[in-house]
Amino acid sequence: MPKAVSFEPGGLATDELRVVLAAPALDESSLAHWHGVMSQPENMRATRSTDPLKKSLLIARRGLLRTFLGGLLGCAPRDVPLGVTAAGQPIVTGGLGISMAAAPPWIVMAAARNMQIGIDIATTDPLPDLAALCEHWLHPRERKFLATLSASQAAQAFYVLWTAREAYLKALGIGLIDDMTTIDASALLEAGVLASPVVDNRPGRHFWWYSLKTPGGLVATAAVSRSGVRVNMAIA
Ligand SMILES: CC(C)(COP(=O)(O)OP(=O)(O)OC[C@H]1O[C@@H](n2cnc3c(N)ncnc32)[C@H](O)[C@@H]1OP(=O)(O)O)[C@@H](O)C(=O)NCCC(=O)NCCS
């Protein structure tokens, strides 16, 4: 863990969810720059990666996250007090909720003041066995909703439901759980719904989902521990 240093998030409103979507070029000079702002544990993690593409993506994710957070906290990317929990959740000191996800070539990053947040993104590639995926991962109400849709609409809807799950579980800081069918995001599929309460049958879970407006071929969802959040999204 980095030492506790307090930085005030500048320009971030109390009801704002700041989101940046980027498709970084993984050229040598950008990678060298991002590599230069990483902490020693982040460098060690990158060194352990033997797959060159995975390693480049890891470096880009860390470099971009540090640059994004440095802008909000008013410090150099290298000085961002960025750590990671044992379960893999990135965290910063000072009451800033952060999250990130990747769906190459895209990276999405989010931050909000004093909120638990999670974000996920997916490219809407064809799904060869949608029926089996639905059976394994979805809540009965979600499966019922998908059964009313055409095949292409159902595939798109599956990605909405999937990114909602991952975003929510990242907001909780836990990652995937054994039984994903306990989560019901079907309200997000209703026409015009851009935000909806998270439906999770376990007690004490008060979160909201926000569908993000992304370029075609992408689906992204955020989960946030409060309602009425203003999503401020930029495509870099
Ligand atoms: C969170 C999880 C669902 C994301 O998986 P994915 O679809 O492969 O990857 P995504 O692109 O959507 O997200 C990756 C990012 O999620 C974040 N993340 C990882 N684990 C997280 C967690 N437990 N809570 C919140 N966020 C998490 C990280 O920022 C990660 O990127 P980074 O490693 O570069 O910082 C998956 O990693 C998971 O279930 N992790 C928990 C499992 C665990 O306990 N691992 C322990 C080993 S670290």
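Predicted model: local features only at pLDDT ≥ 70, side-chain atom pairs only at ≥ 80, totals over all residues.
Local features are reported at pLDDT of at least 70 and side-chain atom pairs only at pLDDT 80 or more, whereas totals for chains, interfaces and linings use all residues. Residues are numbered from 1 along each chain as its sequence is written.

The domain assignment of the protein chain, with bounds taken from an automatic or database assignment, gives domain 1 (22-98) and domain 2 (119-229). Their centres, taken over C-alpha atoms, are separated by 27 Å. Four residues of domain 1 are in contact with four residues of domain 2, contact being defined by C-beta atoms, placed from the backbone, that lie within 7 Å. The side of domain 1 that touches domain 2 has one nonpolar, three polar and no charged residues. In this classification Ala, Val, Leu, Ile, Met, Phe, Trp, Tyr, Cys and Pro count as nonpolar, Asp, Glu, Lys and Arg as charged, and the others, Gly among them, as polar.

The ligand lies between the two domains, because domain 1 (22-98) and domain 2 (119-229) both give residues to the shell around it. Of the 17 residues around the ligand, A87, G88, Q89, K170 and G175 come nearest. By class, the shell has eight nonpolar, five polar and four charged residues. At least two shell residues each are supplied by α3 (52-73), β4 (96-103) and α6 (151-172); these elements are DSSP runs numbered from the N terminus, with helices (H or I) of at least four residues and strands (E) of at least two. The most is given by β4, with four residues.

Strand β4 is mostly covered, as six of its eight residues are buried. Here a residue is buried if 20 or more other C-beta atoms lie within 10 Å of its own, exposed if 12 or fewer, and partly exposed in between, with C-beta atoms placed from the backbone. Strand β4 pairs with β5 (residues 106-113) in the antiparallel sense over eight bridges, pairing requiring at least two DSSP bridges between two strands. A hairpin joins β4 to β5 through two residues, and the bridge partner of S99 in β5 is A110.

An open sheet of four strands has the order β6-β11-β10-β8, with antiparallel pairing. Strands β6 (117-123) and β8 (195-197) stand at the edges, each with a single partner strand, so one side of each is left without a neighbour in the sheet. Neighbouring strands are turned by 20 degrees against each other on average, direction ignored; axes are lines fitted to C-alpha atoms, for helices over the stretch in contact, and angles run from 0 to 180 degrees between N-to-C directions. Helix α6 packs on the sheet, touching β6, β10 and β11 (218-224), and its direction makes about 150 degrees with that of β6.

Within this sheet, three bridges join β8 to β10 (residues 208-212), and five join β10 to β11. Residue W209 of β10 stands opposite S196 and also opposite A223 in β11. Four of the five residues of β10 are buried. In the hairpin of β10 and β11, which has five residues between the strands, G217 takes a positive phi near 85 degrees.

Residue C134 is placed in helix α4 (residues 130-137). With 20 C-beta neighbours inside 10 Å, C134 counts as buried. Not counting residues up to four places away in sequence, C134 touches R143, L146 and F158. C134 and A155 are 21 residues apart in sequence and 9.8 Å apart in space, C-alpha to C-alpha.

Technical notes: Near = placed C-beta within 6 Å. Contact = placed C-beta atoms within 7 Å.
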